[in-house]
Amino acid sequence: MEIEVNSGKLARALNVVSRVASSGKTTLPILNNVLIRVDSGKVTLTTTNLDMAVVDYLPVSDSKDGVITVPARLLAEFSSNLPKGKTVKVKTEGLKVTLESGKYRSTLNGVVADDFPELPEIDEVKMVRFKMSVDEFKNGVTEAMIASSNDMTRPALTGVFFSTIEGSLHAAATDGYRLAERKLIDRVESEVKVIVPASSLSEVMRSLSDEVEEIEILFDETQVRFRFGEIEITSKLIDGSYPDYRQIIPKEIEATIIVDKAELMRATKLAALFAREVGGTIVLEAKTATGTFSVASVANEFGENSSEIETEVTKDERMTLNSRFLIDAINALEEDKVRLEFPGKTLPIIVRNAKSDNYTHIIMPLKS
Amino acid sequence: MFDVFRNVLAEVQKETSEMAFKTWFKNVELSALDREAGVATIGVPNVFLVKTLETKYRGILMDAFRHNKIDLKQIDFVIKSNDGIKTKSREVRDEDGIRLGGGERVKSVRDLTEHLVAARPAAQTSTGLNSKYTLDSFIVGSSNELAAGVARLIVKNPGVGYNPFFLYGGPGLGKTHLVQAIGNAILENDPTKRVLYITTNHFYSEFINAVRANRGEQFIKKYQRLDVLIIDDFQMIIGKDRSQEEFFNIFNDLHQANKQIIITSDRLPEQIKTLDPRLSSRLRAGGAYDIQFPGFEDRCAILKAKAEFMGQEIEDAAIEYLAENIKTNIRELEGEFQKLMVTSEIKGMTPLELINEGYMSGAVVQRRRSVTPRTVVEKVAKYYDLTVVEMTGRSRVAIIKTARQVAMYLLSKELGMSTNKIAPEVGVKDHTTVMNGIRKIEKDSRSDAQLHDQVEQIREAIYG
């Protein structure tokens with residue numbers, strides 16, 4: 001096997017794939033390696049941790065067919081330390097892999113590719129496909145993923161649930177304390193109901209560069225594939241049923257309050273400072289008598305804090321919640337104004353963008 | 001039929017490297033087996049494993065089946081549910097009949113709120129059992145295989161045969177784990193069984209409170225209703241005569257009704273002083289089983305299992321180092337393992353690198369080194385409210401004598417000093433006095449819970 005490739009391009013590709021290599025919990029040594037395959041001029045770099053696999057198509061100036069695996073991290077670090085814009089020649093002699101770029105030369109010990117795990121075959125024709133802009137994907141999925149759980153004893157909640165609701169593709173996540181749902185694509189043709197591991201989505205996020213504009217998402221019953229630019233990330237899906245979360249979203253609202261996002265964030269952070277010792281417990285309160293909305297900490301031995309925000313108040317409301325969850329929710333909003341919806345005592349509060357309805361974030365109240 | 005698959009896997013394990021086996025066959029199950037058609041369906045936890053199993057391991061599996069007298073024509077691999085993560089958490093009903101734990105199906109806001117309550121840590125329910133203790137996570141070795149075997153028999157047939165099950169052994173060897181696991185397994189088989197795990201101290205205080213509040217009858221009824229009663233740390237019954245009597249009554253009721261009784265203690269019933277001989281003989285009726293400190297191999301196995309369970313990586317050499325150096329009990333072994341893993345993560349070094357750098361996890365060795373004979377003597381004296389001079393003097397007052405002997409005992413056990421070297425430290429002239437002292441404490445602490453506890457507390461004070 002032999003390839004000639006631009007050092008910058010090689011470094012960038014290896015940077016993406018090497019993260020997945022050796023990220024698994026398993027200690028099978030071959031998984032630390034990247035599989036380099038040249039097949040009729042097409043060069044692919046592949047790594048896997050057996051939960052997901054990354055394939056990067058590498059544009060090369062010259063090549064000879066062949067296949068080998070080498071330690072991914074070492075190769076990534078070697079290539080990222082080479083001067084940019086130079087040509088690198090990667091060549092195998094038996095299991096020795098030589099890398100040459102100008103004056104720099106090194107030899108790595110490769111491992112025969114037969115030991116590399118066979119990745120699942122995917123029949124893309126049978127897969128359900130969606131396409132969307134990278135920006136929209138990044139924002140949308142991040143906004144949902146924020147509420148996912150990392151409690152491995154409830155695997156379904158460690159993922160993000162992609163489903164079609166009323167003809168639109170939605171992403172949702174919940175950890176039992178809060179829930180976030182984001183509409184991703186309006187009016188889609190296909191139906192889907194799958195749970196994608198949040199860890200795989202994070203990897204996709206990290207691998208998205210500014211240069212790509214469109215991402216393609218393909219699902220079958222057991223796998224999901226994300227394709228963007230030269231990169232293809234395939235991940236297993238989480239098997240299991242997702243809670244019927246939509247029923248939790250309160251349908252009737254007692255009162256709606258619109259506040260400035262920056263102001264609400266400042267007030268919440270101030271209250272959170274004083275709430276540290278009480279597990280982040282803060283109180284939101286709307287008073288018709290004074291026409292104010294306030295964010296306050298619960299008084300404790302360190303003192304207390306209360307901030308008022310001017311807004312229109314139609315009904316007295318009071319709600320105790322965890323400040324961290326509220327901060328997360330505010331962070332996920334895109335507009336400058338926040339819409340807080342109170343469905344009534346002991347029911348969760350709904351946090352939304354003031355105008356748009358495409359994002360719903362609900363937070364469970366704390367029992368005070 | 002599914003036991004066959006265990007043998008098959010064992011066969012496969014022989015043919016593959018340990019790491020490959022762990023990678024490809026972890027959580028792999030036999031889902032179905034049609035002997036006549038010669039078709040086996042194997043459940044695989046993850047789609048990424050299927051292809052490799054099909055291409056690289058199909059032949060090995062076929063051979064392994066053949067060795068177990070099953071000729072296969074075909075092996076199908078299917079993705080099985082549950083993602084390989086055990087989520088068999090059963091549904092537990094609390095007293096109000098609210099669904100806790102288990103189900104992820106959230107039906108309404110109310111359910112989610114209940115869900116939240118359940119989602120809080122400490123999954124303790126009214127059974128007193130902690131679901132983290134399972135039979136699967138109990139590592140069996142020569143030091144405990146008899147006890148573990150009996151435990152499995154009890155799970156199959158509670159109340160029959162091994163009743164009461166009396167389990168004894170030193171602290172931190174897994175008694176609590178084993179008995180809680182029995183409780184959990186019985187509940188898993190039959191969630192309607194009423195299981196209660198309680199420590200002897202808790203039992204005692206519950207009893208006293210019940211008597212004070214004039215609810216003695218309710219107290220007894222609560223216990224009479226049980227199908228399985230698990231009492232931990234039974235040696236604590238010493239000096240609690242009234243609750244002993246009550247326990248005896250409850251014991252008889254349950255036993256006559258063929259309800260399973262499980263008891264742990266750090267010593268045999270007849271070594272528990274002040275225990276009514278009638279009770280002590282009944283406690284042994286189902287046989288007394290001991291758990292001993294595991295040998296080196298077993299200690300390694302325990303650590304490996306722990307690492308695997310936590311999904312952590314640790315080199316075999318590091319495991320051996322820990323197992324070699326920690327010989328007190330499993331709790332400490334696990335504690336040191338934990339510390340080593342955390343330090344390794346913080347410092348970004350592998351466990352073995354850390355050890356090679358002289359870290360010695362949690363500084364067990366360092367700690368040992370830093371303990372001088374002087375510290376031991378001082379701590380013992382302090383514990384008995386004596387000055388070192390008083391203690392190492394010639395007084396024959398009983399308590400001072402005991403203190404002196406405890407000091408001898410600890411110097412010998414903890415610092416491994418010879419009797420000749422111990423003598424001057426505790427102010428005695430010859431090593432035979434020391435020898436006798438050590439023997440006395442050794443012997444007495446086995447039957448005298450108070451003394452036993454004193455020694456343990458001092459030991460803790462020394463290292464604390």
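Keep in mind that the model is predicted.

Chain A first. It has 368 residues, and 42% of them count as buried. The secondary structure comes to 6 helices and 25 strands. Now the contacts in chain A with a separation of 6 or more. Of these, 67% are between residues 24 or more positions apart.

Next, the cores. Nonpolar side chains tend to be buried together in soluble globular proteins. Here the largest nonpolar core holds 120 residues. Which residues have the most contacts inside it? They are Leu14(A), Val17(A), Val34(A), Ala144(A), Val160(A), Ile349(A) and Ile363(A). Chain B contributes too: helix 3 of chain B, residues 47–67, gives the largest share of this core, 8 residues.

Leave out residues up to four places away in sequence. Ile363(A) then touches Arg178(A), Leu321(A), Phe325(A), Leu326(A), Ala329(A), Pro348(A), Ile349(A) and Val351(A).

Last, helix 2 of chain B, residues 18–25. Its buried residues are Ala20(B), Thr23(B), Trp24(B) and Phe25(B). Where do they sit around the axis? They cover an arc of only 160°, so they are on the same side of helix 2 of chain B. The general rule: an α-helix has 3.6 residues a turn, so residues three or four places apart point the same way. Just after helix 2 of chain B comes Asn27(B), with a positive phi of about 65°.

Notes
Residues are numbered from 1 along each chain as its sequence is written. Chains are lettered from A and ligands numbered from 1 in the order in which they are written. This is a predicted model: local features need pLDDT of at least 70, side-chain atom pairs count only at pLDDT 80 or more; totals for chains, interfaces and linings use all residues. A residue is buried if 20 or more other C-beta atoms lie within 10 Å of its own, exposed if 12 or fewer, and partly exposed in between; C-beta atoms are placed from the backbone. Helices (H or I, at least four residues) and strands (E, at least two) are DSSP runs, numbered from the N terminus. The arc is that of the directions from the helix axis to the C-beta atoms. Two residues are in contact if their C-beta atoms, placed from the backbone, lie within 7 Å. A nonpolar core is a set of buried Ala, Val, Leu, Ile, Met, Phe, Trp, Tyr and Cys residues joined through C-beta atoms within 7 Å.
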